[in-house]
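The sequence and structure come first.

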Amino acid sequence: MRCPYCGTLDNRVVDSRLTQGGEVTRRRRECEGCGRRYTTHEKVVPIELLVVKNDGRREPFDRGKVLAGLQRACIKRPVPAERLEALVDELERHLGESGAREVTSASIGGWLLARLRAIDEVAYVRFASVYRRFSDARQFLDELTELLRAPSSS
């Protein structure tokens, strides 16, 4: 770390503390050249994940968009907001562990559908109608028939 006062690279860490819920490390440093102290903040910079849309466009992963879609599917359903937040946290962990720099919107939607089905079947059908682009009542009926045919995991 270069001293902001004299530019020397030699310094020593005097104190380290975690801040912002453990997300940032605050370090007090003392320059070996001029003896002045200064503070640095270290934070892990996550790899930017790109979402490949159905039309081929790429855009950065947006947690807010995923959460908003889940919230729309769960309007007036007994699904706590904390459960949806936890689901998006789980998705982010899953995507981070995969190590991929790009992921398709279809794979994100499929992953969410599988978990949403166990949380709330009505929210699942609502989400599926948007994700699978239902165009008529027949597609809703087909999805509901499949839902009733398969054993419930909840």
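The model is predicted.

**Pocket**

At least two lining residues come from each of strand 5 (58–60), helix 1 (63–73), helix 3 (105–119) and helix 4 (121–131). Helix 1 contributes the most, with six residues. The lining of the largest pocket divides by class into 12 nonpolar, four polar and eight charged residues.

**Core**

The largest nonpolar core holds 27 residues, and the members that touch the most others are Phe61, Leu70, Leu91, Ile108 and Leu112. Helix 1, helix 2 (81–98), helix 3 and helix 4 each provide at least two residues of this core. Which residues does Leu91 touch, leaving aside those up to four places away in sequence? Leu91 is in contact with Phe61, Val66, Ile108, Trp111 and Leu112.

**Confidence**

Mean pLDDT over the chain is 88, and 97% of the residues score at least 70. The table gives the elements with the lowest and the highest mean pLDDT.

| Element | Residues | Mean pLDDT |
|---|---|---|
| Helix 5 | residues 137–149 | 78 (lowest) |
| Strand 2 | residues 24–31 | 95 (highest) |

Methods:
Residues numbered from 1 in each chain as written. Predicted model: local features only at pLDDT ≥ 70, side-chain atom pairs only at ≥ 80, totals over all residues. Heavy atoms only, no water. Helix = DSSP H or I, 4+ residues; strand = E, 2+ residues; numbered from the N terminus. Nonpolar A, V, L, I, M, F, W, Y, C, P; charged D, E, K, R; others polar. Core = buried A, V, L, I, M, F, W, Y, C linked by side-chain atoms within 4.5 Å. Buried < 20%, exposed > 50% of the residue type's maximum accessible area, 1.4 Å probe, protein only. Contact = heavy atoms within 4.5 Å. pLDDT = per-residue confidence, 0-100.
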